[in-house]
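Student: I would like to learn how to read a structure, one feature at a time. Can we take a single example and work through it?

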Amino acid sequence: MKKETARTLRAFLIELAVYAVLVTGYFFLVLHFLGEGLHQLEVRHRYTYAGVSILLIIGQAVVLENVTTLLLRLIRGRSE
Amino acid sequence: MFFPISGAHISPIYLAIVGFLIGILGGFFGVGGSFIAGPALRAAGLDWNFAVGTDLAHIVGKSVVAAKRHRALGNVDLKLGLIMAFGTIAGAELGAQLIQMLKRAGNVNFVVSIVSITVYLGISTFMLWESRKTLSAQKAREQRGPVKGKTAKHDESAFEHVTDAIQRLRLWPMVSLPASGVTISLWVILFVAFIGGVFSGFLGGGAGYIRMPSMVYVLGIPTHLAVGTDLFEIIISASYGTFSHAIKGNVDILIALVMNTGAAIGAQIGAISTQYFAGPKIRLAFVPLPLIGAAIVIYTLVTGHKL
């Protein structure tokens with residue numbers, strides 16, 4: 001049981017490190033390019049901005065959930 | 001990092017950490033966590049209107065991740081969540097209208113503060129009493145011998161007699177919820193959702209601190225399913241709130257997207273952790289959350305500073 005917990009914890013920490021690198025890249029690349037476009041949309045087309053905002057936050061959540069699940073599966077698979 | 005929509009300079013690492021912490025709470029308790037996210041965004045220098053709207057957008061993303069994970073664990077009653085979404089949206093509209101009425105009367109801050117303190121303290125006190133009573137009864141039974149068929153999701157409550165009486169109400173149409181193992185009047189479900197919605201519109205946030213306990217005590221939904229279903233329901237109602245705030249210019253979606261990167265991990269940890277705790281223990285651990293909310297409101301009321 002303790003061995004299993006240690007393995008889960010190690011897999012989680014590796015996942016966290018890999019995820020942090022991915023997220024940092026995401027901050028600087030994607031958000032940098034999205035920022036100005038979304039700002040213009042918010043100023044000029046408020047309703048479109050509202051719809052795009054919901055699509056973006058749901059889309060990102062689905063992608064991140066899949067990325068974290070995949071990472072955990074890959075890392076666990078290797079550590080076993 | 002500069003966020004052009006709100007014109008704020010906020011560290012993305014700070015946002016991701018706040019998102020991560022709220023994600024854990026959301027995944028474990030099925031709450032939006034706006035009582036922490038709102039003040040955290042304010043503390044970072046965001047205007048109050050952006051803090052409220054952006055928080056709602058972040059709640060949508062975090063709830064998608066947590067609800068997806070809870071669904072994989074069999075903790076989401078889709079039928080119940082969809083029905084409740086209607087009641088919540090209607091209630092939220094009424095709550096927002098009440099706020100407008102109080103604004104015109106000129107005493108909105110005082111009334112909202114007193115109502116929220118009363119509600120938060122009431123929920124915490126009741127849940128503390130109920131979960132402790134249930135856990136004591138369970139302990140006494142276990143000392144007499146092992147309980148057959150007991151699993152982590154098997155739920156018991158010291159309030160069960162009232163829940164049973166509510167479920168026996170034959171107000172047509174009756175709705176069968178096979179995922180939750182409950183048959184109950186549609187009006188009771190809508191009423192619970194409506195009240196949650198009123199508080200959501202009145203006090204802000206997703207009002208999971210009211211809806212999750214109501215689902216357990218009034219509808220008789222097992223705690224694990226109440227957490228997962230509440231998150232699913234929050235996706236719909238918070239999306240509606242996000243849209244409404246976005247057209248009023250209160251949402252900085254870039255901040256919400258950054259917060260959500262932390263929340264994605266936190267929400268999964270919270271959701272998976274529920275599997276290791278029985279219903280009454282989750283409810284007992286829930287007790288401090290409304291107290292934090294009450295403490296923030298009391299601080300605001302006494303000092304006049306909005307956190």
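Predicted model: local features only at pLDDT ≥ 70, side-chain atom pairs only at ≥ 80, totals over all residues.

Student: Where is the peptide bond that is cis?

Tutor: The bond from W172(B) to P173(B) is cis, and its omega is near -5 degrees. P173(B) sits in the loop between α6 (160–167) and β3 of chain B.

Student: What span should helix α4 of chain B have?

Tutor: Helix α4 of chain B covers residues 78–105, and at 1.5 Å a residue its 28 residues should span 40 Å. The end C-alpha atoms of α4(B) are 40 Å apart, which agrees.

Student: Which residues of α4(B) are buried?

Tutor: The general idea comes first: an α-helix has 3.6 residues a turn, so residues three or four places apart point the same way. In α4(B) the buried residues are L80(B), G81(B), M84(B), A85(B), G87(B), T88(B), G91(B), A92(B) and G95(B). These buried residues pack against β3 (174–177), α7 (186–203) and α9 (223–247) of chain B.

Student: At what angle do the axes of α4(B) and α7(B) cross?

Tutor: They cross at roughly 40 degrees, and the axes come within 6 Å. The two helices are therefore oblique to each other. The crossing of α4(B) with α7(B) is right-handed. Residues of this contact divide into 20 nonpolar, eight polar and one charged.

Student: How do α5(B) and α12(B) pack?

Tutor: Helix α5 (residues 108–144) and helix α12 (residues 288–303), both of chain B, pack at an angle of about 155 degrees, with axes 8 Å apart. They are therefore roughly antiparallel to each other. Their crossing is left-handed. On the α5(B) side the contact includes S113(B), I117(B) and L121(B), and on the α12(B) side it includes P290(B), A294(B) and V297(B). By residue type, the contact of α5(B) with α12(B) has ten nonpolar, five polar and no charged residues.

Student: What covers the buried residues of α5(B)?

Tutor: The cover includes α7, α8 (208–219), α11 (279–286) and α12 of chain B. Among the buried residues of α5(B) are S116(B), V119(B), Y120(B), M127(B) and E130(B).

Student: How many residues does each chain bring to the contact between chains A and B?

Tutor: Chain A gives 27 residues and chain B gives 27 residues. On the chain A side, α1 (2–44) and α2 (46–79) each supply at least two residues. The most comes from α2(A), with 15 residues. The chain A side divides into 18 nonpolar, five polar and four charged residues.

Student: What is I247(B) in contact with, leaving aside its neighbours within four places in sequence?

Tutor: I247(B) is in contact with R46(A), Y47(A) and A50(A). I247(B) lies in helix α9 of chain B.

Student: Why does I247(B) count as partly exposed?

Tutor: I247(B) counts as partly exposed because it has 15 C-beta neighbours inside 10 Å, while a buried residue needs 20 or more.

Definitions and conventions
Residues numbered from 1 in each chain as written. Chains lettered and ligands numbered in written order. Contact = placed C-beta atoms within 7 Å. Helix = DSSP H or I, 4+ residues; strand = E, 2+ residues; numbered from the N terminus. Nonpolar A, V, L, I, M, F, W, Y, C, P; charged D, E, K, R; others polar. Axes fitted to C-alpha atoms, helices over the stretch in contact; angles between N-to-C directions. Parallel < 35°, antiparallel > 145°, perpendicular 65-115°, else oblique. Left-handed = near helix turned anticlockwise from the far one by under 90°. Expected span 1.5 Å × (residues − 1). Buried ≥ 20, exposed ≤ 12 C-beta atoms within 10 Å, placed from the backbone.
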